[in-house]
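Hi,

Here's the structure I said I'd pass on. Have a look at it first, then read on for what turned up.

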Amino acid sequence: MLSEKEVLHLLEETQAVLHGHFLLTSGLHSPMYVEKFNVLQHPAYTEKLCKEIAARYANDNIELVVGPTTGGILLAHETGKALGTRAIFTERENGKMTLKRGFQIPEGCRVLVVEDIVTTGGSVKEVMDVVREHGGNVIGVGLLVDRSGGKVDFGVRTEALLHLDVPTFKAENCPLCHDGVELTKRGSTGKNNPVKK
């Protein structure tokens, strides 16, 4: 098994852990951001990490792996490959997480949901809802990084390869804003340009 120290080393080696003042997709502010694609751009690392997620669910008779766009697609694919299952993904349509592209989830199918970075867990919960709406049975959640400090509970067994207890703040309570530290927007926008105040 990969230890958390080894996973952190991979993230540091690929400069995936960034320090500063970041606006997260959730709208919260944080002094740390994990730039997942700095790791996921390396197929060998992605395969290694996903094999570890798969190993933790090897005895759970998983039949399908599902992840949200965009990073979740890569994780679902590699984890599914390691488990010998299909891998599909959800995506947003008019702001709502949904299944498209003719993807089907058979009634009672045993599903593993995977995601890259979790802060509030909102996207994972949306994926779980989609799986259940289509008749799937969510057996577990596999994460690359849980940066919620263990606060997120999905109601099923959750395995994170790395736990980071990184503080997050609402804008009005952010000490970095208070100190005038320049804000960088990260996340699903793909932009890392400073946000003008």
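Which residue in β8 is the bridge partner of Val-141? It's Thr-158. Keep in mind that this is a predicted model.

That pair belongs to a bigger picture. Strand β7 (residues 137-146) and β8 run parallel, joined by 6 bridges. They're part of an open sheet of 6 strands with mixed pairing, in the order β5-β4-β3-β6-β7-β8. From one strand to the next, the twist averages 25 degrees.

- Helix α5 (residues 122-133) lies across β3, β4, β5, β6 and β7, at about 165 degrees to β6.

Now for the annotations. The unreviewed UniProt entry gives a "Phosphoribosyltransferase" domain over residues 47-151.

Is Asp-116 buried or exposed? Its relative accessible area is 2%, and buried means under 20%, so Asp-116 counts as buried. Asp-116 sits in strand β6, and its side chain makes a polar contact of 3.4 Å with that of Lys-36. Ser-123, over in helix α5, is partly exposed at 28% relative accessibility. Leaving out residues up to four places away in sequence, Ser-123 touches Arg-92, Met-97 and Glu-115.

Cheers

Methods: Residues are numbered from 1 along each chain as its sequence is written. This is a predicted model: local features need pLDDT of at least 70, side-chain atom pairs count only at pLDDT 80 or more; totals for chains, interfaces and linings use all residues. Side-chain values use heavy atoms; hydrogens and water are left out. UniProt positions are given in the numbering used here, feature names are shortened, and annotations may be inferred rather than shown by experiment. Two strands pair if DSSP finds at least two bridges between them. Helices (H or I, at least four residues) and strands (E, at least two) are DSSP runs, numbered from the N terminus. Axes are lines fitted to C-alpha atoms, for helices over the stretch in contact, and angles run from 0 to 180 degrees between N-to-C directions. Contact means heavy atoms within 4.5 Å. Buried means under 20% relative accessible area, exposed over 50%, partly exposed in between (1.4 Å probe, protein chains only). A polar contact is a pair of N or O atoms within 3.5 Å; within protein, one must be able to donate a hydrogen and the other to accept it, and residues adjacent in sequence count only if both atoms are side-chain atoms.
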